[in-house]
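Have a look at the model on the screen, and I'll walk you through a few spots in it.

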Amino acid sequence: MKVGSTRAKIFKEDSELILSEMEKVFESKILTQGPFVERFEKEFSKKFSVTAKAVNSGSSALEIIMNLLPSNKEEVLLPANTIYLDAAAILKNSLRPVFYDVGENDFFPSLEQIKSKVTDNTAAIMVVHLGGFIPENIFEIKEFCESKGIALIEDAAHAAGSKIKDIFAGSIGDFSAFSFFPTKIITSCEGGIVCCKDESLSEKVDSLRNQGLVGEKNENFGYNYRMSELHGIVGYHQIKRLDEFIAHRQSIAKIYDAEIKSSTLTKMEFSSDCFPNFYKYPCTLNGANRMQVKEKMKELDIVLTGEVYSVPCYKQPVFKDQEFYNETHGNADWICANHICLPMDNNIEVEQAKYVAEKINEVFP
Ligand SMILES: Cc1ncc(COP(=O)(O)O)c(C=O)c1O
């Protein structure tokens, strides 16, 4: 049996609808940021109780959020074990990334670590819902942000449809960013969403994503981060499938939960308040070498999905001249080096998940 890499899933009946709507776009000649993008935004906003503004990627969404932060403060806190793009968005807006460590043996922000990094110059704290898991202490972090007048940013790129205490990822913070890259839980081929709690900032996103235009003048230091109508159509039909995709992933996760007995792997623990979308199924490694585990799985025709993340953000080579490159964040370093993510996407079949569990138990008892 073969268990391949992560792929998007577009149902045949959806692709027929998508193609017929794309023809309407060509007939109408409104090719970008038109009624189909608006329909996508409306559907997203309704489902997740947010005000969604579509852009051309999750990275663009993050850059716009950084542009919206108050200009009198320059530090943005972010976890050490996140993606390069979070720090890049901060630096590109002439702000300063300040990394915080996570808890011991887990992926989640430590409130103590966050508190120790906050200064009078902190503009925002970013929390990243890695693998689709919303940190259990998100409401404590929110309360702390409110008490200090600091903005809370959710990088919800992995977390469309994830909930905590029945509240959706992306609807908790002052700002949130989503990604619809093809490996994500739902896709628009490429695309992203920015959400802002403050209505006036949300209106500013309209300008920022469209060259900074207000009317015919460039009033803001904007970008071209518009979403095309074709992407808006795909995104809309994928939202309709989100609940189905999450239910599927949760059923695969249940198989891994029940059938993997290997003492080499420790599965992710989370409270019953959490409803993860299982964008990833991460496990920490108890002493085993990740490269060897991955190689062995590959020999058995099982492709593990990418880690979240294998190299801490602050240690990416592009940052070698930044002061933070020489810091140490022990827990994040450990988790980055010592976890794997089991096969998980919208296509994997029950028999494939059982095969993965069986082989892991056999090879890594
Ligand atoms: C945590 C996280 N944030 C942001 C992004 C950026 O999204 P995009 O690839 O759509 O630019 C990604 C993409 O992989 C991500 O994983």
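Let's start with E199, which sits in helix 7, residues 199-208; helices here are DSSP runs of H or I with at least four residues, strands are runs of E with at least two, and both are numbered from the N terminus. Before I go on, this is a predicted model, so local features need pLDDT of at least 70 and side-chain atom pairs count only at pLDDT 80 or more, while totals for chains, interfaces and linings use all residues. Residues are numbered from 1 along each chain as its sequence is written, and side-chain values use heavy atoms, with hydrogens and water left out.

Back to E199: its relative accessibility is 44%, so we call it partly exposed. For the cut-offs, buried is under 20% relative accessible area, exposed is over 50%, and partly exposed is in between, with a 1.4 Å probe and protein chains only. E199 also belongs to a surface patch of negative charge, together with D174, D198 and E203. A patch takes residues with over 30% relative accessible area and no salt bridge, joining like charges within 9 Å and nonpolar side chains (Val, Leu, Ile, Met, Phe, Trp, Tyr) within 5 Å. A salt bridge would be a Lys or Arg side-chain nitrogen within 4 Å of an Asp or Glu carboxyl oxygen.

Now, strand 4, residues 122-128. How many of its residues are buried? It's 7 of the 7, so strand 4 is largely enclosed by the rest of the structure. It pairs in parallel with strand 2, residues 75-79, over 3 bridges, where pairing needs at least two DSSP bridges between the strands. Strand 5, residues 151-155, also runs parallel to strand 4, joined by 5 bridges. A124 in strand 4 shows up in both pairings: V76 stands opposite it, and A151 is its bridge partner in strand 5.

There's also an open antiparallel sheet of 3 strands, ordered 7-6-13. Strands 7 (167-168) and 13 (274-275) are at the edges with a single partner strand each, so one side of each has no neighbour in the sheet. Strand 6, residues 163-164, meets strand 7 over 2 bridges, and K163 has F168 as its bridge partner.

F278 isn't a glycine, yet its phi is positive, about 55°; it lies in the loop between strand 13 and strand 14 (282-285), and it's buried at 7%. C189 has a positive phi too, near 80°, but is partly exposed at 40%. And the V308 to Y309 peptide bond is cis, omega near 0°.

Notes:
Areas by Shrake-Rupley, 256 points an atom, 1.4 Å probe, with all protein chains shown as cover. Lys, Arg positive; Asp, Glu negative; His and termini not counted. Charge placed at Lys NZ, Arg CZ, Asp CG, Glu CD.
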